[in-house]
Amino acid sequence: MKIDRRSFLSFLIGGGAGTALSPLPWKLMDDSSIWTQMWPWTPVPEDGEASYVNSACTLCPGGCGITVRKIDDRAVKIEGMKGHPVNNGGLCILGLSGLQLLYGPTRVKTPLKRVGKRGQGSWEKISWKDAISEVAKILSDLRSTGQSHTVGCISDSDRGTVPRLFERFLTVYGSPNLMRTSSIIDSYELTLHLMQGVQASPGFDFENADFILSFGSGIIDGWGSPVRMFRANSAWRNTGGKIIQIEPRLSNTAAKSDKWIPANPGTEAALALGIAHVIIKESLYDAEFVDNYSAGFEDWKRFVLDKYGPDSVATITGIDNTTIIALARSFARASKPLAICGRGQGTTPGSLDECTTVHALNALVGNINKQGGIFAVAEPDYINWPEVEMDATAAIGMQKDRLDGAGSKKYPFSRYLLNRLPQAINSGEKYPLKALFVGDANPLYTMSDSKAVKKAFDKVPFVVSFSSYMNETAQNADLILPNHAYLERYEDIPTPPGMPKPVISLTRPVVEPQLNTKHTGDIIILLAKAMGGNIADAFAWNSYDACLKETLGNKWQVMIKKGFWSYPDFFVQTHEESFDTISGKFEFVSKETGSLKQFKPVNIEGDKTNYPLLLMPYDSIRLANGVIGNPPFVMKSVDDTVLKGNNVFIEINPKTAGEQGLREGQLAMLSTPVGKAKVKVHLFDGIMPGLVALPRGLGHTAFDDYLAGKGINFNELIGPVEDPVSGLDTAWGIRVKLAKV
Amino acid sequence: MKHKKAKKYGMVIDLDKCTGCGSCMVACMAENNVPFRKDESNKLLSITWMRVYKLTNGKPFPNTDICYLPRPCMHCEGQHEGHSPCVTVCPAIATDYNIETGIVSQIYTRCFGCRYCMASCPYHARYFNWWDPVWPDGMEKYLSPNVSPRMRGVVEKCSFCFHKYQLAKEKAFMKGRRELKEDEYQTACTQACPADAITFGDLNNPNHAVYRMAKPDPKHHGRPTNPHAFRLLERLGTNPKVYYLSSREWVRRAGDNYLENESIAKKPAHHE
Amino acid sequence: MDSALIPRGVKRCPFPQFILFVAIVGAVLLWGVYAMLLCWFKGLNQTNMNDAYGFALWIWADLAVIAVGGGAFFTGLLRYIFGKDDLKNIINYAVLIGFICYSSALLILAIDIGQPLRGWFIFWHANVHSMLTEVAFCLSCYFGVLTIEYIPLILENRQIDRVPFFHHLGHNMHETMAVFAATGAFLSFFHQGSLGGVAGVLFGRPFAFREGILIWPWTFFLFTWSAAACGPCFTILITKITETVTRKKLVKDSAIELLAKISGWMLLTYSIAKTADTWYWATVTAPSMGQTLMDFYSNNPLYGIWILILEIAICGFVPAFILITKKGRKNSLALWIAITLATIGVCINRWVMVLQVMAVPVLTFESWFMYFPSWQEIATTILPVAYGVILIAISYRYLPVFPNEPELNPMETLPAQETEKEEAVEPSVDLEQELKPAEA
């Protein structure tokens, strides 16, 4: 057949028309759209049977109850547990993101042993058996050479069975060096010890208070047990409770407060004394309490009346005297006033002076161990293990001075001074640290002066991390013995900070362990058994779970059922039996510490000429700054005036920025005596001129790509300043200069 | 047969209680399988069905004030039922107004990504999937089967957790009930809010908390009669189902545009 | 080489020169195609669009090419319905430009949507209340009409026309062209209007929202009007450019001037209407939503009041006054300025009604959003321009687009004889027919 042009064209056109009229193109069109509706690379979650498991969150010390929704064996959503005494249904942003940690890329999947240099990120997998015998060998060697005291352990908490197992291990092994991450709780415990003679944590009865005088505490920025504080704050909206917020920057708490008083930073204690002055002078204090249950009031009164009149306090604080007087009056006249301290989330202990002065205000209005006031809450007494039998080595080791100087002549009242550890290691003044266990803590990120901390860690020959996640400390460890994630394990969560009544919550496995991890409790037990002798004897339990069950005794069944144990018979002591001081009374001036010193603003690092501005950190509930870093969801909630790309913003008053020649969004170099960093400028009217604020919680180098490398870690820019009495870190800021880049 | 009045689910957000903590945002992301990317700092590319805005009063130190404002989809009713800005413009009926509940839905498999709805929404409540959603290896495990992950190229937005409504309906039906109790259907953000700032319920039901708090005026398209209540951009006539409460005048004023010297109580612009 | 395809009685540049030209423009086209494929395979993350700019450069380009492509329907309307016979000399080109504009618009839309494979849902699951649905239907139908209007011109290619079937097809199509022109005008009225409606109905956006009649906001009518006014200006502009490039006079002045005059009056009345609309919107509509005129034109780096003045005064009234005066139309430079300004004016209008609508903050606590397109967006927007240039080049070379051309540019010698052999084997053609103007 001859194909000429015409027939060819006819063929083409006819073919085209025919195809168009056939079902083919329509079918293809339809199929392609169906394909787009079920692209194979877009996941389709499998359906299954829904169930719920009650547990407790451990991502911060807040101790919230959680209810986890499951589909078959997958956890799909974390919600707040209804009826839980801490959070009753609500949950914070971090708690809600927990599944991103459970199933996320930051998990340490198996025990890892470092190969190559520290922090280089080269690891080899190691079996649990080998890992534990390696640790046991190193510990045995140290012990046999009389160096048991050179083993240290850092943990975020000293309460609950796991920290207590660490403590027990160190005791029977022979080291006094258990160290707790410091926070405002340290200052409060010390304050309660000095003024009331008790060993207890502070418990604030916010639910019944109606006038909160907050010296910079981020009531709704993550202070205390965050969800409980949110709830209390909302309750005050309903009941007419008032919050007065004293801090130089308009934080969320300040913005939501009834009155924001921007006092010069670091002068909070002076303001408290000024308020005390007015209260005493106008006889507005609770005479019943002061006369009957306090000691040293006259001395204190003289001191306060002499030196802290409203005018002089106005000069120090920058608050005018009428405001001070009005504030004192409304505080004293409120029916349930409560003064609190601990800047931001309370992650730094702050000055002891400040804490005791603020606490004295509570005593003035007589709300110690009283409804709506502040309670001294003793640790729940459920851990009653048999005494360990120490051999000679252990006894000698335990006699040694603590490396951090807590309990020493210089700082006799402090229990833990982790902030002093880097300096103690770096200076080599006492003895070296040969091995370090890091439990549920991330000191390489959370401790100030990161460079010095890193240097100190580098001097410790053997660092073991128990972290479930690849955090900064794990990254720089020699061995990682990953704990189960909190949704895979049992653990007791003792009373969260600030709760006036003891409550123990139960963390329990929601899903099977997803990876080759082991409960830290089990590791300690296995290690003890591997060490043998007295050490093994002190750990007679077969497993951590058995230990926990036995420890909780009859509480176990209740906790399994309800998810928590609250002490129904919690007993509030009367004022007669509250105080265990030398005088047996509340001591305005502690007889143990002696004389009153004139209030001195905390000296912060840096000179005014080279560093004309002041740098302060600020805390946000949307930036986890503790042992856990922000999971992706929480990162997503961070405002674009806090972080843009990898650049963090500083907040600065437009006036100050103008003086420095800086505009919104501009890049600037921030330098302090400790470090420097490139930042972006965000103009914020709500910050006192002369100040620069930087958020905490950014600048991670570990964790995943969703977090690492974004912003600056505030701790790289600030170093600790020792409190003269407690030895705790009092630094609230540091001098800084800003320059255009 | 007795004919039950249709539901009008809505929300009241108490800005005096809202702490800006962001729990609502994350509860929503977790509930609704919202994807995330390595850099979420460009908020114009970041999918947040619930977004918490930070408002400032613009005054210099120390008279500055800030307020947080959570913004879900407003589920606008418009000037007559279903005349939402977005529903009316969608060319393919991929977003629809549910007469039974008053909820504005989004059908991801129907949407072809023209983004006209986004242009129409003055609240920026609608989000486009610029990227394929990708979860890090293993993280797909937490995805909920009740909400399908969205593919690239479609628009998504807050659904008032409509799947929770369906689940609650099924559950009630099994118990032989057709009507839901107030607490049986609650959105994820409402449940998660640690400050109890969000209240959710039927605005047509005088027994529901939302009704008592907002006191909607049916004669004026649900305009709140509670003097502390306001709706965002009330004057545009979008007739949103999300009400805000604030005791601060500047916050209420920030909820809408006003001419200089204009008082805050103004009728909606048109159709009236 | 290709002289057999070149219409009789006209002179074209040498084939290599033509190929070189097409190759250069083709390279730009390929760049655009590459960007288009990136958008299709990787998704719209290739653009700088975002959730505040769901509509951006592409939608502007879409609206702009449809506006300037309005020359086709309006010239057709004048030629076939109102019987302005002079316009037969430019109608072919108007149709061709319209065809390019509309096919470009469809192509851009196909790139712009997030799920191109589901694009047909707009027809299948049509929401009759949506202005976009109306746009899609009318636009597609009108594109069909333009194709039908363009086909006869293709059929007039010397070689195709030899096929009797095509010859007769073309002839018959010419006969019925008035029907299509009327249909096209009707469809255009609606989709041009609907495109205006797209912005005008946005009652959540005080910058865009306009009152109107029944379901149609004022922007509906203003868009149709401006397309009718400025579309022909663009047709003239492209004609003028083509004349400049080919260094030939292609269309008689009478046709150009007639079209210019009508455009001028349309533009004048449009500008008056636009002014009235703006005035009402600025003093009544926007204030009722709590916003003042200057709210829309201040506190941002780009959108100042200058844009409004530029659009209405400089690109509206100025060209209108030039075009309605005989002196203005007859002065080559003035005409150039007028048609250029008018084209720019309508493009600015479309820009404002797309981009500025998106940029203006509505929530009091949001600020202006600014946007700059990515190279992929720019490349895919230039792609249709390159395609248009190529299609014009090919059409001009091989089709009798300009019926006046042989008359205005008499040839001294006949074109090359190479094709004679080939012609011999082809069926003989009626030469008389062949030389007739395209729209006969």
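Me: How many bridges join β18(A) to strand β19 of chain A, and do the two run parallel or antiparallel?

Reply: Strands are DSSP runs of E, at least two residues long, and helices are runs of H or I of at least four, numbered from the N terminus. Two strands pair if DSSP finds at least two bridges between them. Here three bridges join β18(A) to β19(A), residues 503-507, and the two run antiparallel. One bridge pairs A:Asp492 with A:Leu506 in β19(A).

Me: What kind of model am I reading, and how is it labelled?

Reply: It is a predicted model: local features need pLDDT of at least 70, side-chain atom pairs count only at pLDDT 80 or more, and totals for chains, interfaces and linings use all residues. Residues are numbered from 1 along each chain as its sequence is written, while chains are lettered from A and ligands numbered from 1 in the order in which they are written.

Me: In what order do the three strands of the open sheet in chain A stand?

Reply: The order is β18-β19-β20, with antiparallel pairing. β18 (491-493) and β20 (564-566) of chain A are at the edges; each has a single partner strand, so one side of each lacks a neighbour in the sheet.

Me: By how many degrees are neighbouring strands of this sheet turned against each other?

Reply: Axes are lines fitted to C-alpha atoms, for helices over the stretch in contact; angles run from 0 to 180 degrees between N-to-C directions. In this sheet the average turn is 20°, direction ignored.

Me: How many residues of chain C are in contact with chain B?

Reply: Contact means that C-beta atoms, placed from the backbone, lie within 7 Å. By that test, 41 residues of chain C touch 46 residues of chain B. On the chain C side, α5 (121-124), α6 (131-155) and α10 (253-288) each give two or more residues. α6(C) gives the most, with four.

Me: Which residue has phi near 50° in chain B?

Reply: B:His124 does, a positive value in a residue other than glycine. B:His124 lies in the loop between α3 (116-120) and β6 (127-128) of chain B.

Me: Is B:His124 buried or exposed?

Reply: The rule counts other C-beta atoms, placed from the backbone, within 10 Å of a residue's own: 20 or more is buried, 12 or fewer exposed, in between partly exposed. B:His124 has 22 such neighbours, so B:His124 counts as buried. B:Asn239, with 25, is also buried. Phi of B:Asn239 is near 55°, again positive in a non-glycine residue.

Me: Where does chain B have a cis peptide bond?

Reply: The bond joins B:Phe61 and B:Pro62, with omega about 0°. B:Pro62 sits in the loop between β2 (51-56) and β3 (66-71) of chain B.

Conventions
Two residues are in contact if their C-beta atoms, placed from the backbone, lie within 7 Å.
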